[in-house]
Amino acid sequence: MANVNKNTYAVEMLGITKRFGNICANKNVNLRIKKGEIHALLGENGAGKSTIMSILFGLYSPDEGKIKINGKEVEIKDPNDANKLKIGMVHQHFKLVECYTLLENIILGKETPSVHFLQDAMEKDDREINRLNILSGYINIQKRMEQFTKLIHDSKTEVDIRYNLINTMHLTPEQADFVLAMPIGDLKSSTISNNFDKEIDRLRVKVQAKVDKKDSRFTKLKRKILFNCAKALDWFNKLVCNVDKNKVAMEITEISRKYGLSVDLNCKVEDATVGMQQRTEILKMLYRDNDILIFDEPTAVLTPQEIEGLLNVMRNLKREGKTIIFITHKLNEIMAVADRVTVLRRGESIDTVDIKNTNVAKLSTMMVGHNVNIIHNNSKKKPGDTILKVRGLTMFDKVKQKNSITDVNFNIREGEIVTIAGIDGNGQRELIEAITGLEKTKLGSIKFKNKLLKDGDVKTRNALGMSHIPEDRHKHGLVLEYDLKQNLVLRDFKNKKFSRYGFIRKGNLIKNANELIKKHDIRSSQGDTSTARSMSGGNQQKLIIAREIERKPDLLVAVQPTRGVDIGAISNINSKLLKEKERGAAILLVSFELDEVFGLSDRILVMHDGELVGEFDPKKVTRKELGLYMSGAKRNYKFVEEAR
Amino acid sequence: MSNLKQKINRESIKRTFTGTGANKVYSSLFCIVCGLFIGFLIMVVLSPKNAPFDFTMLITGGIKFYGLNGFGNILSMFAPLLCAGVGVIFAYKTGIFNIGAAGQYTLGAFGALVFALKLNQHWTVCLLMAMLFGAVWAAIPALLKVFCKVNEVISGIMLNWIGLFFVNWSLQTYLSSIINPGDSYKTWKLYVYNASTGKYDFTKPLISKLPNMGISNLGDTFSIAFIIAILVAIFAFILMEKTTFGFQLKASGYNRHATKYAGMNAKKNCILTMIISGAIIGLGAGLFYLSGIEEWSATISSALPQVPWNGIIIAFIAQMNPIGAVFAAGLLGVLSTGATATTQSVFPKEISDLITSIIVYLSGLTAITMRFFPWIKKKLSRKKVSEAEQPLIVDANKGGK
């Protein structure tokens, strides 16, 4: 009986503790996931959800505790181990090669040929095996390249090469001819083949080591490596093996039909929608026969319609016997799809409950630790004069060689919260950079308080009273090495209050810091002398908001002000924004969370593909309708210049 | 109340000895001790018999050998080293690696020498000209960096050689009159030259020689230079830590994007930093050549001067702190003077360079040593705690759901 009991759990993580320096990310976390269930992992940002899943996926190793998969205790050292245990993960940021088609992305990196491929191959002749090997993940690519290089070197004449290609490399005569059609000088030159050989060798090692590391520092390197690798493989592909992808494609199509994952396999990643990219990631896991599927905040980047589709897919997967771990902080999604839910708070597992026995209110209380009041914009204040005018704003993206935003027109008035809604990456960032003076524009004008703003002139904007809560607080908002009091005057250090005759008035800085610490409840280990780096994300955000709001701005540009902040702080931040509105500040808010968009705005502008496509009153529009505009299915925006 | 005061005092004292600043000092000391030890081992390998005596000679700066003159020598070596170090640190704090220090130093030396020997100006004028020449030479890579996005390391290295050859060419052509007639490739000594006897009158220094404040028993080269250098270090420290200018500079060194976001003028700051850095390095050159330790040798094949390179070394040993640089420059001053007092037939003069480079290599690992100390502390403290902690962990495991 005990044996059977054990086997009902697909994953058991017992007493997991993980420390990063002095910070305890996971403290004695217990997680038991039954086979074939959808198990939600609920918690605020920074509660340790991603850490515990990274441990399961082999990205981190736990300091204490043990992991059991299907009742067997295992040690997961890296993602390869996780793959062997049939654990797959869809990361929040997709890991796809941009210049490759979706099909190629699914095949890519599958190092070991699946069993039935080999069995198939065994029945056929040698030549077929070799081709299938390449087909199913380019298994012996290094070995083959060595062979190939040697062969090219040893051969003296074209006839020799052709003969060798057919007999040693098991190519068809047509393929051999194709190879020979390449300029013979290239093939013969040792540099190309040697370099290629080395390149492949290097890339294989690096890709294996780093492809799944989540560390953002590697992202750029990783992309480059993946890109190079893909290019190299592509080259090799064309050169020696005319891969017949149809068979794999058919197989994948079958899988996708089974689970309702519609993708266009021949579409390139850069052309595919975000939803399609996500489905590709799911297919990647399924193609590898993974049984335990981890979804890390999968709905963050999707439109309401796409979220519904994803939840259906998850139900289908469950029906086929897959075990799903669903990380999220959105309660309604959990209620819709999950069987059980484990709540994490401050790195500890609070409880695991059946969805049947709970409701949204209970879960949110469990997640936060106290009751949550959700902030709503009930203000009756009438907007005043127009304070910001954006006309015909167009920006050009040099990397993508196209306009990132095109002909954007809108106004903001005093005491009005205007929200730009839309899916991440549709030009919101560029628009904000233009308004706040961080980037150069191509066409159009921005007028703030009837003054034409110049590109890149942040100083004037400061002086005129524009504040900016940036999207990336580490990149823009803070100097991490500076301490709290210095970061609080990053914009206003030249103010008479903080400096005299070019000397910083340290006493006033400390006084200012202590005032704001009290007023905005900024917590840190050493008060005004604690470095920004040592503070938690939520408190860093509080610091920035304190700095920007205390300037009493006339226009507050807030980009995702509640990102990475726990729920208690979210309501705090939102109420501060509303207070600013009451004071008469105009607020331009960019948010990807529909709750926030509906809760705060006086007016919603929807952005799609660099253009404004709709303007709504939040009280007169449904989420579904908004979703259609966000995905670009509908558009209807006419800017009317107000009459004077 | 008094109790509270005591508490704060105790805490602040504790922090000075355990904070990150203290860790930096510990790790630097650690590197220095290790570097000296390895250097000693090398000396033992070279000559076991002479090693102990010569090593003490080396690390005492040859005081035993030179007497009080040696102390004067150390001080006058220390001044230019400190200036070069502070100059490099100043640029580094803003995120610029001023590898063009050698070029700025060369130009600074040129400025000082031309105004001292050709135009016979007062030493204050000469030092100001040294600063001006250094600043101009430093401004070039800064302007290139800001307006043409040329990497300052590349342009800096180029300008080093351009500067050197320009100076040597000048001295051999239209400025050949400041080449010492008695020593056909070196510049004059800073004393009145008696053409009829072909000798210097060592009782009559030029007005361009740095004054020795009436202290004559510390040797000929002793001068006011070390005071100027220390003042410069303090000036740099105040500028960086206490002013809005320094606030901006350091911010742009740490996070360029944040300075742009906050509306600081990054381009202006970059150029200003380099100008100040170059001026300080140029001043160092002035202090070196106007104290009369060495004369400039204007041969075409001559290498770049050694002092600015040691300045980079000092910057790293001092971990980019101008006050730390005072001590690092002192160390290098002692070592380089001491090296000349070792038994030359057994140990080459370069032994001091060897030791300093070992120290730098080790301080390149300061990131590791910085972690090493807290780690040891943690290990020690954990050993004590672990016994108390263990039952807790067992409990926690049982308590899991």
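Predicted model: local features only at pLDDT ≥ 70, side-chain atom pairs only at ≥ 80, totals over all residues.
Leaving aside its neighbours within four places in sequence, with which residues is A:Gln486 in contact?

A:Gln486 belongs to helix α21 of chain A, which covers residues 484–487. The contacts in question are A:Leu509 and B:Phe247. With a relative accessibility of 19%, A:Gln486 counts as buried, because the limit for that class is under 20%. A further pairing concerns A:Thr529, which is 43 residues from A:Gln486 along the chain; the two C-alpha atoms are separated by 8.8 Å.

A second residue at 19% relative accessible area is A:Asp397, and it too is buried. A:Asp397 is found in strand β11 of chain A, residues 386–397. Not counting residues up to four places away in sequence, A:Asp397 touches A:Lys402 and A:Ser404.

I turn now to the salt bridges. Over all chains the count comes to 32. I shall discuss three of them.

In one, A:Glu320 pairs with A:Lys258, and the closest N and O atoms are 3.9 Å apart. This pair links distant parts of the chain, 62 residues apart: A:Glu320 sits in the loop between α15 (304–319) and β8 (323–328), while A:Lys258 sits in helix α13 (residues 246–259). A:Glu320 is partly exposed, at a relative accessible area of 41%.

Another joins the side chains of A:Lys284 and A:Glu281, at 3.8 Å from N to O. Here both partners lie within helix α14 of chain A (residues 274–287), three residues apart, or about one turn of the helix. An α-helix has 3.6 residues a turn, so residues three or four places apart point the same way. Both partners count as buried: A:Lys284 has 17% relative accessibility, and A:Glu281 has 3%.

A:Glu615 lies in strand β22 (residues 611–616) and A:Arg603 in strand β21 (residues 603–608), so the pair ties together parts that are twelve residues apart in sequence. A:Glu615 is partly exposed, at 35%, whereas A:Arg603 counts as buried, at 14% relative accessibility. These two residues also take part in a network of salt bridges that links them with A:Arg413 and A:Glu416.

Next, the nonpolar cores. In soluble globular proteins, nonpolar side chains tend to be buried together. The largest nonpolar core in this model has 94 residues, and the members that touch the most others are B:Leu82, B:Leu287 and B:Trp296. Not counting residues up to four places away in sequence, the residues that B:Trp296 touches include B:Leu113, B:Leu164, B:Val167, B:Tyr185, B:Tyr289 and B:Pro305. Apart from this core lies another, of 49 residues, among them A:Ile252, A:Met276, A:Phe326 and A:Leu363.

I close with helix α23 of chain A, residues 537–550. Its 14 residues reach 20 Å from the first C-alpha to the last, close to the 20 Å expected at 1.5 Å a residue. After α23(A) comes A:Lys552, which has a positive phi, near 50°.

Technical notes: Residues numbered from 1 in each chain as written. Chains lettered and ligands numbered in written order. Heavy atoms only, no water. Salt bridge = Lys/Arg side-chain N within 4 Å of Asp/Glu carboxyl O. Helix = DSSP H or I, 4+ residues; strand = E, 2+ residues; numbered from the N terminus. Buried < 20%, exposed > 50% of the residue type's maximum accessible area, 1.4 Å probe, protein only. Contact = heavy atoms within 4.5 Å. Core = buried A, V, L, I, M, F, W, Y, C linked by side-chain atoms within 4.5 Å. Expected span 1.5 Å × (residues − 1).
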